[in-house]
Amino acid sequence: MLEPRRVEDDGIILEFKARDTDKEKELADTVKEALAQIDRQKYETILAAKGVPKGKYANIRSLSEGKRS
């Protein structure tokens, strides 16, 4: 999570996920898990508590298929 230095600046919530093919059949499942992890970590609540209003931060998810042999 990148917190803005000033409240008028934007914050960024980053979530990096590698697809777990045992649990996630499709990449869409990995996207859902990334969003669920953002919710579990309460990043939005942390930013709101620091005075960053909703809409002044972006949720960015980076997904990968992981290493392939």
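Student: How many helices and strands are there in the protein?

Tutor: This predicted model contains two helices and two strands.

Student: In what order do the elements run from the N terminus?

Tutor: The order is β-α-α-β, read from the N terminus on. The radius of gyration is 14 Å, well over the 11 Å that the globule rule gives for 69 residues, so the protein is more spread out than a compact globule.

Student: What does the C-alpha trace span along its principal axes?

Tutor: The span is about 45 × 20 × 15 Å.

Student: And what share of the residues counts as buried?

Tutor: Of the 69 residues, 20% count as buried. The accessible surface of the protein is about 5200 Å², and carbon and sulfur atoms account for 50% of that area.

Student: Turning to contacts, what percentage join residues at least 24 apart?

Tutor: The figure is 63%, taken among contacts between residues at least 6 apart in sequence.

Student: Now the charges. How many positive and negative side chains are there?

Tutor: There are 15 positive and 14 negative side chains. The centres of these two sets lie 1 Å apart.

Student: How many salt bridges does that give under the rule used here?

Tutor: The count comes to six salt bridges. One of them pairs K50 with E3, with the closest N and O atoms 3.0 Å apart.

Student: Which residue does D10 pair with?

Tutor: D10 forms a salt bridge with K56, and their closest N and O atoms are 3.0 Å apart. This pair links distant parts of the chain, since D10 is in the segment before β1 and K56 is in the loop between α2 and β2, 46 residues apart.

Student: Why does D10 count as exposed while K56 counts as partly exposed?

Tutor: D10 has a relative accessibility of 52%, so it counts as exposed, because exposed means over 50%. K56 has 26% and therefore counts as partly exposed.

Student: What about R6: which residue is its salt-bridge partner, and how far apart are the closest atoms?

Tutor: R6 forms a salt bridge with E8, the closest N and O atoms being 3.2 Å apart. R6, E8 and D9 are linked in a network of salt bridges. R6 is partly exposed, with a relative accessible area of 47%, while E8 is exposed, at 52%.

Student: Which charged residue is buried yet has no salt bridge?

Tutor: E24 is such a residue. The nearest side chain of opposite charge is that of K17, 5.0 Å away, and a salt bridge requires the nitrogen to be within 4 Å of the carboxyl oxygen.

Student: Where is E24, and which residues does it contact?

Tutor: E24 is in the loop between β1 and α1 (27-41). Apart from neighbours within four places in sequence, E24 is in contact with A18, R19, D29, T30 and E33.

Student: What about K23: where is it, and is it buried or exposed?

Tutor: K23 is also in the loop between β1 and α1. At 68% relative accessibility, K23 counts as exposed.

Student: Changing topic, where does E65 sit, and how accessible is it?

Tutor: E65 is in the segment after β2 (57-64). Its relative accessibility is 29%, so E65 counts as partly exposed.

Student: Which residues is E65 in contact with, leaving aside its neighbours in sequence?

Tutor: Beyond four places in sequence, E65 is in contact with R19 and L27. The C-alpha atoms of E65 and K17 are separated by 8.8 Å, although these residues are 48 apart along the chain.

Student: Lastly, what is phi of K42, and where is that residue?

Tutor: Phi of K42 is near 60 degrees, a positive value in a residue other than glycine. K42 is placed in the loop between α1 and α2.

Technical notes: Residues are numbered from 1 along each chain as its sequence is written. This is a predicted model: local features need pLDDT of at least 70, side-chain atom pairs count only at pLDDT 80 or more; totals for chains, interfaces and linings use all residues. Side-chain values use heavy atoms; hydrogens and water are left out. Helices (H or I, at least four residues) and strands (E, at least two) are DSSP runs, numbered from the N terminus. Buried means under 20% relative accessible area, exposed over 50%, partly exposed in between (1.4 Å probe, protein chains only). Contact means heavy atoms within 4.5 Å. The radius of gyration is taken over C-alpha atoms; the globule rule is 2.2 Å times the number of residues to the power 0.38. Accessible areas come from the Shrake-Rupley method with a 1.4 Å probe; for residues, only the protein chains shown count as cover. Lys and Arg count as positive and Asp and Glu as negative; His and the chain ends are not counted. The place of a charge is taken as NZ of Lys, CZ of Arg, CG of Asp or CD of Glu.
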